Amino acid sequence: KDSELYKKARATLKDCEKRNVMKEERFTNLVESVHRELTQVVGMRYWKQAECHVTEHLIKKANGAAIAKEESSFASPIMEQYEQQCADLDSLKAAFRAPR
């Protein structure tokens with residue numbers, strides 16, 4: 001875990017929330033402003049990696065609910081999204097590894 005990056009990300013979240021409360025024009029939509037500001041702070045590679053982790057968590061949560069309800073198909077749309085995000089992340093990692 002990169003503690004400096006973590007601190008910057010937390011500060012960015014707090015700043016977005018503060019500006020949203022103050023009704024600043026670019027921060028009226030909190031979700032969009034957090035996405036915009038965090039991708040600038042952490043970079044696209046880490047952003048995609050975080051998306052992949054969140055989706056993986058949602059799949060596990062949905063699968064647990066589906067097993068409890070005996071509806072294993074419940075998580076299939078989330079699984080497709082997860083697989084696509086992980087494929088995108090793999091492509092992004094390969095691009096970073098490519099010689100320049």
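Biologist: Is Glu83 buried, partly exposed or exposed?

Modeller: Buried means under 20% relative accessible area, exposed means over 50%, and partly exposed is in between, with a 1.4 Å probe and protein chains only. Glu83 has 48% relative accessibility, so Glu83 counts as partly exposed. This residue lies in helix α3 (residues 76-97); helices (H or I, at least four residues) and strands (E, at least two) are DSSP runs, numbered from the N terminus.

Biologist: What should I know about the source before reading on?

Modeller: This is a predicted model, in which local features need pLDDT of at least 70 and side-chain atom pairs count only at pLDDT 80 or more, while totals for chains, interfaces and linings use all residues. Residues are numbered from 1 along each chain as its sequence is written, and side-chain values use heavy atoms, with hydrogens and water left out.

Biologist: How many helices and strands does the protein chain have?

Modeller: The protein chain has three helices and zero strands, and its pattern along the sequence is α-α-α. Of its 100 residues, 23% are buried. Its accessible surface is about 7,700 Å², and carbon and sulfur atoms account for 54% of that; such areas come from the Shrake-Rupley method with a 1.4 Å probe, and for residues only the protein chains shown count as cover.

Biologist: Which residues make up the largest nonpolar core?

Modeller: In soluble globular proteins, nonpolar side chains tend to be buried together. A nonpolar core is here a set of buried Ala, Val, Leu, Ile, Met, Phe, Trp, Tyr and Cys residues joined through side-chain atoms within 4.5 Å. The largest one has eight residues: Leu5, Ala9, Cys16, Phe27, Val34, Leu38, Val42 and Trp47. Helices α1 and α2 each supply at least two residues of this core, and α2 provides the largest share, four residues.

Biologist: Which residues is Phe27 in contact with, leaving aside its neighbours within four places in sequence?

Modeller: Contact means heavy atoms within 4.5 Å. With neighbours within four places in sequence left aside, Phe27 is in contact with Cys16, Arg19, Asn20, Ser33, Arg36 and Glu37.

Biologist: Why does Glu37 count as buried?

Modeller: Glu37 counts as buried because its relative accessibility is 15%. Glu37 sits in helix α2 (residues 30-69) and, neighbours within four places in sequence aside, is in contact with Thr12, Cys16, Arg26 and Phe27. Thr39, also at 15% relative accessibility, counts as buried. That residue too is placed in helix α2. Its contacts, leaving aside neighbours within four places in sequence, are Val34, Met44 and Trp47.

Biologist: Where does Lys23 lie?

Modeller: Lys23 lies in the loop between α1 and α2. Lys23 is not a glycine, yet has a positive phi of about 60°. Its relative accessible area is 65%, so Lys23 is exposed.

Biologist: Which residues line the largest pocket?

Modeller: Rolling a probe the size of a water molecule over the atoms shows where empty space is left. On a 1 Å grid over the protein atoms alone, a pocket is an open set of points where a 1.4 Å probe fits, with protein on both sides within 12 Å along at least five of seven lines; lining residues have an atom within 4 Å of a point. Leu5, Tyr6, Ala9, Leu13, Leu38, Val42, Tyr46, Trp47, Gln49, Ala50 and Glu51 line the largest pocket. The elements giving two or more residues to this lining are α1 (3-21) and α2, and α2 gives the most, with seven residues.
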